[in-house]
Amino acid sequence: MYWTLELASKLEDAPWPATKEELLDYANRIGAPAEVIENLQELDDDDDEEQYESILDIWPDYPTRDEDFFFDEEEY
């Protein structure tokens, strides 16, 4: 599974919390790139009813604060 900011951002407006199947349905309905569909299909199948609360349950490195999105020259 390979997530990028661009791919993960396609799920920002998903109907959280959601199961794997609900996320796949959402991604198909919005016309998400094939990579998003493939990544969702690779999620664990241990429990079909598992609820994902947010994108962080799928990709823990997803930036959640505004400053994560911007480069600050003064910091370097």
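Predicted model: local features only at pLDDT ≥ 70, side-chain atom pairs only at ≥ 80, totals over all residues.
Q: How many helices and strands does the protein have, and in what order do the elements run?
A: There are four helices and zero strands. Starting at the N terminus, you can read the elements as α-α-α-α.

Q: Which residues are in contact with Leu11, leaving aside its neighbours within four places in sequence?
A: They are Trp3, Trp16, Tyr26, Val36, Leu40 and Ile55. One of these, Val36, is 25 residues away from Leu11 along the chain, and their C-alpha atoms are separated by 8.7 Å.

Q: Why is Leu5 not simply called buried or exposed?
A: Buried needs a value under 20%, and exposed needs one over 50%. Leu5 has a relative accessible area of 36%, which falls in between, so Leu5 is partly exposed. This residue is in helix α1. Leu5 and Tyr62 are 57 residues apart in sequence, with 7.1 Å from C-alpha to C-alpha.

Q: How do you know whether Asn39 is buried or exposed?
A: The relative accessibility of Asn39 is 5%. Buried means under 20%, so Asn39 counts as buried. Asn39 is part of helix α3. Apart from neighbours within four places in sequence, Asn39 is in contact with Met1, Tyr2, Trp3 and Leu7.

Q: Why are the buried residues of α3 said to be on the same side of the helix?
A: The residues in question are Val36, Ile37, Asn39 and Leu40. Around the axis they cover an arc of only 165°, and therefore they are on the same side of α3. These buried residues pack against α1, α2 and α4.

Q: What makes one side of α2 its buried side?
A: In α2, the residues Lys20, Leu23, Leu24, Tyr26 and Ala27 are buried. Their arc around the axis is only 160°, which means that they are on the same side of α2. The face turned away from that buried side carries exposed residues, namely Glu21, Asn28 and Arg29. The packing partners of the buried residues of α2 are α3 and α4.

Q: Which residues of α2 and α3 meet, and how do they divide by class?
A: From α2 come Lys20, Leu23, Leu24, Ala27 and Asn28, while α3 brings Val36, Ile37, Leu40 and Gln41. By class, this contact has six nonpolar, two polar and one charged residues.

Q: Which residues touch the most other members of the largest nonpolar core, and where does the core come from?
A: The core has 20 residues, and Trp3, Leu11, Leu23, Val36, Leu40 and Ile58 touch the most other members. At least two core residues are supplied by each of α1 (5-9), α2 (20-30), α3 (34-41) and α4 (55-58). The largest share, four residues, is that of α2.

Q: Which residues does Ile58 touch, not counting residues up to four places away in sequence?
A: Ile58 touches Trp3, Trp16, Leu23, Leu40, Leu43 and Tyr52.

Q: What share of the protein is buried, and what share of its contacts join residues at least 24 apart?
A: Of its 76 residues, 32% count as buried. Among contacts between residues at least 6 apart in sequence, 62% join residues at least 24 apart.

Key: Residues numbered from 1 in each chain as written. Heavy atoms only, no water. Core = buried A, V, L, I, M, F, W, Y, C linked by side-chain atoms within 4.5 Å. Buried < 20%, exposed > 50% of the residue type's maximum accessible area, 1.4 Å probe, protein only. Contact = heavy atoms within 4.5 Å. Nonpolar A, V, L, I, M, F, W, Y, C, P; charged D, E, K, R; others polar. Arc of directions from axis to C-beta.
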